[in-house]
Amino acid sequence: MADVLLQEKKGDGILLLTLNRPEAMNCFSFDLLAALGEAIREANFDAGLRCLIITGAGGDNPKKASFSTGADLKERRTMSPDQVRRFIYTIRTVFTSVEQLRVPVIAAINGFAFGGGMELALACDLRIAANNAVMGLTETSLAIIPGAGGTQRLPRIVGIAKAKELIYTARRINAQTALEIGLVNKVVEPEKLIDSACAMAQEIAANGPIAVAQAKFAINCGMDASLSVALPLESKAYEVIIPTKDRVEALTAFAEKRKPNFKGE
């Protein structure tokens with residue numbers, strides 16, 4: 001199972017996860033989902049982790065590169081209806097765990113990202129795409145609908161009308177279009193993708209880790225609440241930070257005209 005998901009440290013506090021089924025365009029099998037779910041669970045307990053990056057294997061040939069093209073349809077054809085329900089439950093649960101990971105997650109979209117692959121990217125906090133990337137929620141062309149959060153996360157990112165257009169038509173869009181509609185944060189040359197993701201991760205890792213985690217919590221949990229609920233939620237998230245050593249270290253470093261040394265305490 002470990003072979004279907006590669007893990008690599010990319011500097012202090014930065015972990016790169018690579019979906020490693022290039023022969024199947026990094027489609028999600030039960031094994032790959034299990035490996036990803038376990039990696040995310042462990043990441044939650046890694047005190048030194050500051051940012052996670054997810055990408056796909058097989059980027060040596062840009063024309064065949066895939067982030068992930070979704071569910072493994074060969075495996076799907078062998079499933080009973082009950083097994084399909086279990087698969088949908090599993091993929092939705094794993095992607096939700098990615099979204100709820102205490103540290104920011106960056107999707108480095110290195111090629112095709114369709115169906116479940118696009119849904120994994122949507123569950124990440126930030127998305128950087130190679131300029132050869134093509135993406136879309138293409139499920140309606142297979143007589144199904146996005147089942148791993150796509151119908152809910154896409155409208156929250158690009159707006160309900162554009163999300164309906166993309167899902168109803170099963171349209172595939174290129175990286176530039178994705179940038180224009182706010183689906184991705186940045187587009188870069190394929191050979192610069194991981195370096196660009198690592199650079200953004202390093203920017204995040206340089207800041208107070210408790211503050212970043214609380215900011216993620218406040219944003220994610222406040223987005224669907226009324227302002228009268230979300231503002232007190234933000235205040236509570238701020239209160240968590242007040243007694244931390246990192247906050248005092250930031251003030252001391254400012255006074256001493258030096259970079260702060262944050263420890264997540």
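The model described here is predicted.

**Helix H1**
- The buried residues of H1 are Leu32, Leu33, Ala35, Leu36, Gly37, Ala39, Ile40 and Ala43.
- An α-helix has 3.6 residues a turn, so residues three or four places apart point the same way.

**Helix H9**
- H9 runs over residues 209-222, and its 14 residues reach 20 Å from the first C-alpha to the last, close to the 20 Å expected at 1.5 Å a residue.
- Pro209, Val212, Gln214, Lys216, Ala218 and Gly222 are the buried residues of H9.
- The partners of these buried residues are strand S5 (105-109) and the helices H3 (81-99), H8 (193-205), H10 (227-241) and H11 (245-255).

**H9 against H10**
- Two packed helices are described by the angle between their axes and the distance between the axes.
- For H9 and H10, the axes come within 9 Å and cross at roughly 165°.
- An angle over 145 degrees counts as roughly antiparallel, so H9 is roughly antiparallel to H10.
- The crossing of H9 past H10 is right-handed.
- H9 makes the contact through Ile210, Ala211, Gln214, Phe217, Ala218, Cys221 and Gly222, and H10 through Ala230, Leu233, Glu234, Ala237, Val240 and Ile241.
- Of the residues in this contact, ten are nonpolar, two polar and one charged.

Technical notes
Residues are numbered from 1 along each chain as its sequence is written. This is a predicted model: local features need pLDDT of at least 70, side-chain atom pairs count only at pLDDT 80 or more; totals for chains, interfaces and linings use all residues. Side-chain values use heavy atoms; hydrogens and water are left out. Helices (H or I, at least four residues) and strands (E, at least two) are DSSP runs, numbered from the N terminus. The expected span of a helix is 1.5 Å times one less than its number of residues. Buried means under 20% relative accessible area, exposed over 50%, partly exposed in between (1.4 Å probe, protein chains only). Contact means heavy atoms within 4.5 Å. Axes are lines fitted to C-alpha atoms, for helices over the stretch in contact, and angles run from 0 to 180 degrees between N-to-C directions. Angles under 35 degrees count as roughly parallel, over 145 as roughly antiparallel, 65 to 115 as roughly perpendicular and the rest as oblique. A crossing is left-handed if the near helix is turned anticlockwise from the far one by less than a right angle, and right-handed if clockwise. Ala, Val, Leu, Ile, Met, Phe, Trp, Tyr, Cys and Pro count as nonpolar, Asp, Glu, Lys and Arg as charged, and the others, Gly among them, as polar.
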